[in-house]
Amino acid sequence: MWQAYAHPDNMKVLLLLGLVAVALCEQTTFVGERVLRLKPETYEHVSIIQDLSRNVKVDFWKPDSADVVTVGMTVDIHVAAPQLAMVSTILHQSDMEVEVLIGDLQVAVEAQMNNKRLIKSHDYMKYNNWNTINDWVISISSANPDLISRQVIGNTYEGRPMHLLTVGKKTGSVKPAVFMDCGFHAREWITPAFCQWFVQEAVSTYGSNAEMTNLLDKMDFFVLPVFNIDGYEYTWTKDRMWRKTRSRNSGSSCVGTDPNRNFNAGWCTVGASSNPCSETYCGASPESEIESKNLANFIRTNKSIIKAYLTLSVAQGATSALTSLYGTKYEYGPGAVTIYPAAGGSDDWAYDLGIKYAYTFELRDTGRYGFLLPESEIKPTCEETMLAVKYIASHVAKNLY
């Protein structure tokens, strides 16, 4: 009988490869990391914040780029544990007002999943991973053939299908449409949750809610439940705070592009970066990201029927409708004023293409949880946002051009 024995050196190599594999699969943790809220009151304070962004690895939550920080703006930054002492010293010496928004980011990450209902399948009041959403897309379209059709507008960089749902009563004729996408930035989990909520609300209230029934009879809604699918999947499996796409950048070890800086509307100017390592990297060229190109191609092909583009503020009437349910205060106006300048955005691009009603929705958080909105907030957030979306859609339906 022949027996094979592993050479000790080979065993070392195998062990090393095994350890590397484990390390690659390990999920990033945020123990001891903090989110600080800064209140720059002078130009010197602004300069200090911008120096931090250049010299220290600081993750900007609000705004998402140090370049657009101004005096009087509220600035939220995520600071990793190794940099915390140095950043705290710099800020203390500056006499800038500093508030600890989140004392331990890992605790906040774990607290986000606070819906304890033991449901293994898809749930509208929980955050769902990509595989669950993918299965849901197929099942809800199959279960509602008179109201939903499904198509794939292309695949992501890593090969995942970008499902697009057409929600509306099938009449046999072409209808005006509203295009709505969710999940541009991977870590903003509440937006895919809203797209799922919207589809369910549409099909479940058709025939009983007069406004929704009228809308679905007259219009179609093109719904892209998750735009940045690769990044979204990465937030579930590796790094909850990941923002960009997952494409490889030529000549750089840094991964990904900010997809909402990747459209041909003032591309790579204010609020965007040409540095591949930046969270607001605009990409090698407009629509360099396959996800951006897939979306843009679909909209270009269907621009004659798309009357509104909503990329999860809005006009005052919609804001009032949204506030009426829970009293949540929302600002409205040009995005560069109410949020911050961000060149290369899909909303500006859609407007330039000729889509008159182009809006970006900034959903809850109201300033407490950042990207870690607890699951208990999904229902009220989606309910109030539904009112604004229906308001805009009703306005568009009455004012086609």
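**Close-ups: the disulfides and a buried arginine**

The structure holds three disulfides (cysteine sulfur pairs within 2.5 Å). This is a predicted model, where local features need pLDDT of at least 70 and side-chain atom pairs count only at pLDDT 80 or more, while totals for chains, interfaces and linings use all residues. Residues are numbered from 1 along each chain as its sequence is written, and side-chain values use heavy atoms, leaving out hydrogens and water.

**View A. Cys182 pairs up with Cys195.** The sulfurs sit 2.0 Å apart. The S-S torsion is about 80°, so this disulfide is right-handed. Both Cys182 and Cys195 are buried, meaning under 20% relative accessible area, with exposed over 50% and partly exposed in between (1.4 Å probe, protein chains only).

**View B. Cys254 is bonded to Cys277.** Here the S-S torsion is about 85°, so the disulfide is again right-handed. Cys277 is partly exposed, at 44% relative accessible area.

**View C. Cys268 and Cys282 make a left-handed disulfide.** Their sulfurs are 2.1 Å apart, and the torsion is about -65°. Cys268 is partly exposed at 22%, whereas Cys282 is buried at 1%.

View D. Cys382 is buried, with 0% relative accessibility.

**View E. Arg246 is buried but has no salt bridge.** A salt bridge needs a side-chain nitrogen of Lys or Arg within 4 Å of a carboxyl oxygen of Asp or Glu; the nearest side chain of opposite charge (Lys and Arg count as positive, Asp and Glu as negative; His and chain ends are not counted) is Glu158, 4.3 Å away. Contacts of Arg246 (heavy atoms within 4.5 Å) include Tyr157, Asp230 and Val255, not counting residues up to four places away in sequence.
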